[in-house]
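Please look over the sequence and the 3D structure below. The report after them walks through a few places, one at a time.

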Amino acid sequence: MLNAREFSHRLLQEVITPASTVIDATAGNGHDTLFLARLAPAGRVYAFDIQAAAIEQTRQRLARHALAWPTEPAAPVTLIHDSHARLDRHLPADEAVCAAIFNLGYLPGSDKSVITQGESTWRAVESIQARLRPGGRIAIVAYHGHDGGADEMALLQRRLAALDARQWQVLQYQFINQPNCPPVCFGISKKAPERG
Ligand SMILES: C[S@@+](CC[C@H](N)C(=O)[O-])C[C@H]1O[C@@H](n2cnc3c(N)ncnc32)[C@H](O)[C@@H]1O
C-alpha cells in the first residue's frame, strides 16, 4: 500500500493537467516542488517556505534536474521566501489553482526548531480553498511524532471534518497498526457545483 507521501502524490497526479497552476505550500528540500513542476510543464508552480535554506535547497534541486534532464520540460517555479499564511500577497488575485500540497513539520536535516503551526497552516488552506477550481485538490501530509505535531494535526482534523459536505470531499488516509507515529494524509477535493 502507498505511504502517506506517495498517496498525497497520487491524489494530485489524478487532477493536475500539463497547464495547471499548482502550489507547494512547504517547499523544504524541493522534492514536492519538482514533482509538481514535472506534472504541469506548461503551467506554473508557486512554492513557499519560511526558511531561506529551504528555498535555496529547492532552487538547487530544480537546477540539478534541469541540467540532468534538459529534454524533460518542467513548469516555471516562483520561489517565495515567506509564510504560506501570506499566500494572497504573492499570487495575483484572479489566479485559480488546480492543486496544492502541504508537507508539514520541520525541514529534514535542520534543527527542528522551525515547524509548521496549525493556525497559519489553516490560513493557507483557506486561501487555497478560495482559489481552487472545481475538481481541484489539496493534499496535506501531517506528522504527529514531533513536539507540536499532534496539536497541528488535531486542529486540522477538527476543521477539515467541519467543512460543508455539499462543497467539499475530505478524507484521512493513515496506517493504524504501525509504530513511530506514521504520517497521515488529508485529501480535500472541491466538488463541482450541482446543476440546478
Ligand atoms: C517537512 S518540510 C517540507 C518537505 C518538502 N515538501 C520536500 O519535498 O522536501 C516542512 C517545511 O515547511 C516549512 N515551513 C514551516 N512553517 C512554514 C510556513 N508558515 N510557511 C511556509 N513554509 C513553512 C519548513 O521551513 C520546512 O522546510
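## K191 and its surroundings

The side chain of K191 reaches the backbone oxygen of A165, at 2.7 Å. This comes from a predicted model. K191 sits in the segment after β7. Leaving out neighbours within four places in sequence, K191 is in contact with P134, A165, R166, Q167, W168 and Q169.

Is K191 buried, exposed or partly exposed? Its relative accessible area is 32%, so K191 is partly exposed. K191 and A54 are 137 residues apart along the chain, and their C-alpha atoms are separated by 33 Å.

V15 lies in the loop between α1 and β1. Its relative accessible area is 17%. Buried means under 20%, so V15 is buried.

Which residues does V15 meet, apart from those within four places in sequence? They are S20, C98, A99, G135 and R137. Then compare V15 with G136. In sequence, 121 residues separate V15 and G136. In space, the distance is 6.6 Å from C-alpha to C-alpha.

## T21 in strand β1

T21 belongs to strand β1. With a relative accessible area of 13%, T21 is buried.

Set aside the residues up to four places away in sequence. T21 then touches R44, Y46, E95, A96, V97, C98 and A99.

## N103 in strand β4

Strand β4 spans residues 97–103, and N103 is found in it. N103 has 17% relative accessibility and therefore counts as buried.

What does the side chain of N103 make with the side chain of Y143? It is a polar contact, at 3.3 Å. Y143 is also on the list of residues that N103 touches, which leaves out those up to four places away in sequence.

## Helix α2 and what covers it

Helix α2 covers residues 31–39.

## How α2 meets α3

Two packed helices are described by the angle between their axes and the distance between the axes. Start with α2 and helix α3, which is made of residues 52–68. Their axes come within 9 Å and cross at roughly 45°. That angle makes α2 oblique to α3. The crossing of α2 past α3 is right-handed.

Which residues make this contact? From α2 come H31, T33, L34 and R38. From α3 come T58, R61, L62 and H65. By class, the contact of α2 with α3 has two nonpolar, four polar and two charged residues.

## How α5 meets α6

Now turn to another helix pair. Helix α5 runs over residues 118–131, and helix α6 over residues 149–161. They pack at an angle of about 35°, with their axes 9 Å apart. α5 passes α6 in a right-handed crossing.

On the α5 side, the contact is made by G118, E119, T121 and W122. On the α6 side, it is made by E152, L155, L156, R159 and L160. How many residues of each class are in the contact of α5 with α6? The contact has four nonpolar, two polar and three charged residues.

## The loop between β6 and β7

Finish with a loop. N180 lies between β6 (168–173) and β7 (184–190). C181 has its place in the loop between β6 and β7 too. Phi of N180 is near 65°, a positive value in a residue other than glycine. C181 is not glycine either, and its phi is positive, near 50°.

How open are these residues to the outside? N180 has 71% relative accessibility, so N180 counts as exposed. C181 has a relative accessible area of 36%, so C181 is partly exposed.

Key
Residues numbered from 1 in each chain as written. Predicted model: local features only at pLDDT ≥ 70, side-chain atom pairs only at ≥ 80, totals over all residues. Heavy atoms only, no water. Axes fitted to C-alpha atoms, helices over the stretch in contact; angles between N-to-C directions. Helix = DSSP H or I, 4+ residues; strand = E, 2+ residues; numbered from the N terminus. Parallel < 35°, antiparallel > 145°, perpendicular 65-115°, else oblique. Left-handed = near helix turned anticlockwise from the far one by under 90°. Contact = heavy atoms within 4.5 Å. Nonpolar A, V, L, I, M, F, W, Y, C, P; charged D, E, K, R; others polar. Buried < 20%, exposed > 50% of the residue type's maximum accessible area, 1.4 Å probe, protein only. Polar contact = N/O pair within 3.5 Å; in protein donor to acceptor, adjacent residues only side chain to side chain.
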